[in-house]
Structures are given as C-alpha cells and as structure tokens.
Amino acid sequence: MRSFLSRSIVGVALWLATFTPTLAQVLPTSPAAADTTHKYENPGGVSTPKPLVPWYKGKLVKATIVPALMITYGATCINGNGLYSSYQANRDIHKLFPTFRTHLDNILIIAPYLELGGVLLAGVESKNDNINIGLVVLKSELIMLSSTFIVKSLTKIRRPDNSDMLSFPSGHTAQAFLAASIVHNELRDKSQWYGVGAYAIATSVAALRMINSKHWQSDVVAGAGFGILSAHLGYLTHRNRWGRKPLMPTGMNIMPTWQQGAPGLGMTWKL
C-alpha cells in the first residue's frame, strides 16, 4: 500500500512537470530596465527639427522692434517735420532752460558701465562671465560707432549750435543707451532696478544734449534706438563660450575706464 502511494505521488509530480514550460510562457515578466547609456547617441545622423515659430515671435524681431520704432520716429521729425518737430521741441526746451549749460553729458555716457563694474566688484553675479561681457561690449561698440558715423555722414544735419553738420543721430545718446542695455541684460535676473537706473542715466544724457544745443529731438531719439539696437545685435551674434566657465585667471576683471577725457576698458588681475 505504501509503495503504491509513493508511486502515485511520483507520477503526479512527473505529470505536473510536463506543464512547467507552458506555465512559464504565460506568466507575466517584469519589464527590462531602460538603457540610458546611449540615449544621446544619433548613429543615423538625423537631426531633430525644431518647432516652427512665427517670424513675428522670433528673437530678431523682438530685439529690433523697439529700436526700429525709435529710429523711425527720429527720422520723421527731423527739422520741421512730424507732429512735434525738432524745431518745436528745441524752442520749448530753451524756454525752460534758456541759459543752462553743462559738460556733465560727456561724463554720464559711460556711467552705466561704471555702474556695471561697481555691481560686479560688489559680488553680484552677472548673466555672463567677464570675458563674455567684454566681447559683447566690444562688438556692440563697433556696431554702434560704425552705424552712427555712416548715418551722420549721409544725412548731414546741422547741429542746433551750428557747430557742424553731424547732428543726426546723437552719438552720446547712442553710447549711453548701449551701455544701459548691457547693464539691463546682464543684471535683470538679479534686479530690474539696475536697468532702471542705467536707462535713467542714459535719458539724462539725451536731455542734456538737447539742453546744451548739441542735438535736436530727432537726434537723441534715433540715437537711443541705435544704441539699444547695437547692444541687442551684439548679444544675438555672440556665440563664443556662451555659458561656460571663464578662461580668465582668478582675480582678473575687465572694467570701464575714463582717461584724458576718453572712455575705454581696463583689465586688472591679482598675482
């Protein structure tokens, strides 16, 4: 009896074993772990198309629309043209400031750069490292100086004080607004007030140029547009080491300078 029972149990076990492969096939298996080692590889060389953005939402349009409007307005109110012409503005300004004259406008043109240098020395982190800021400033200055000189030579508008025929646009105003735009772009993530202060200084330069009879209303409005546009183009065309660690040694700084009545850039470092 015991031998019969033992043989029966063995037989049942052998019979169940014949179904094991089938059961193994139908049981759910756990999913394989995702392979993240090669997720950035592109063996086929196929580039992923970027989503199409309407032209009016592009970076170039956003960067140029405001300065383009300012330049256009300045051009439309040259001399006696426009709803509120340069002649009318000049007459109203000198009713308020008949004898006031100052050379402060020659100093304030680089005040936004001094603000930027002071803020950086105080330890506030800018959007980009020092060498990138210097490259953007250099490129923007070249764009501004060349464009304003060409337009001055082509338009040949006489200054209010009759000193020469290089009135339109205002180079002082362009310089001040260029520097203010650099300050705004570099420090706006920390506080908008840095840019507000820089643009207030630039606006003061524009007002003083008209009060000193060096420029018309058309000159300073267009000059502001040229300055802002030059800064924006400097940023849009800059791709050198964008966002990487600075190459300069520790303790090196680039800052604006004022020597013998001329603005410039100075470089200092600690040994």
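This is a predicted model: local features need pLDDT of at least 70, side-chain atom pairs count only at pLDDT 80 or more; totals for chains, interfaces and linings use all residues.
Good morning. Residues are numbered from 1 along each chain as its sequence is written, and side-chain values use heavy atoms, with hydrogens and water left out.

Along the sequence, the order of elements is α-α-α-α-α-α-α-α-α-α-β-β. The chain has 271 residues, of which 35% are buried; buried means under 20% relative accessible area, exposed over 50%, and partly exposed in between, with a 1.4 Å probe and protein chains only. Among contacts (heavy atoms within 4.5 Å) with a separation of 6 or more, 72% join residues 24 or more positions apart.

Which residues touch the most other members of the largest nonpolar core? They are Tyr113, Leu116, Phe168, Leu178 and Ile182, in a core of 41 residues. Such a core is a set of buried Ala, Val, Leu, Ile, Met, Phe, Trp, Tyr and Cys residues joined through side-chain atoms within 4.5 Å. Two or more residues each come from helix H6 (111-121), helix H7 (130-155), H8, helix H9 (192-211) and H10. The largest share, nine residues, belongs to H8.

Next, the largest pocket, which holds about 450 Å³ of space. Of its 14 lining residues, Lys127, Asn185, Arg188, Tyr235 and Leu236 are the closest to its centre. Helix H3 (59-76), helix H8 (171-187) and helix H10 (217-236) each give two or more residues to the lining. On a 1 Å grid over the protein atoms alone, a pocket is an open set of points where a 1.4 Å probe fits, with protein on both sides within 12 Å along at least five of seven lines; lining residues have an atom within 4 Å of a point. Grid points are joined across faces, edges and corners, and the volume is the space filled by probe spheres set on them.

Tyr235 lies in helix H10 and is buried, with a relative accessible area of 10%. Tyr235 and Ile182 are 53 residues apart in sequence, with their C-alpha atoms 9.0 Å apart in space.

His238 sits in the loop between H10 and strand E1 (253-259). Why does His238 count as buried? Because its relative accessible area is 3%. Leaving aside residues up to four places away in sequence, His238 touches Asn132, Leu135, Val136 and Lys139.

Conventions
Helices (H or I, at least four residues) and strands (E, at least two) are DSSP runs, numbered from the N terminus.
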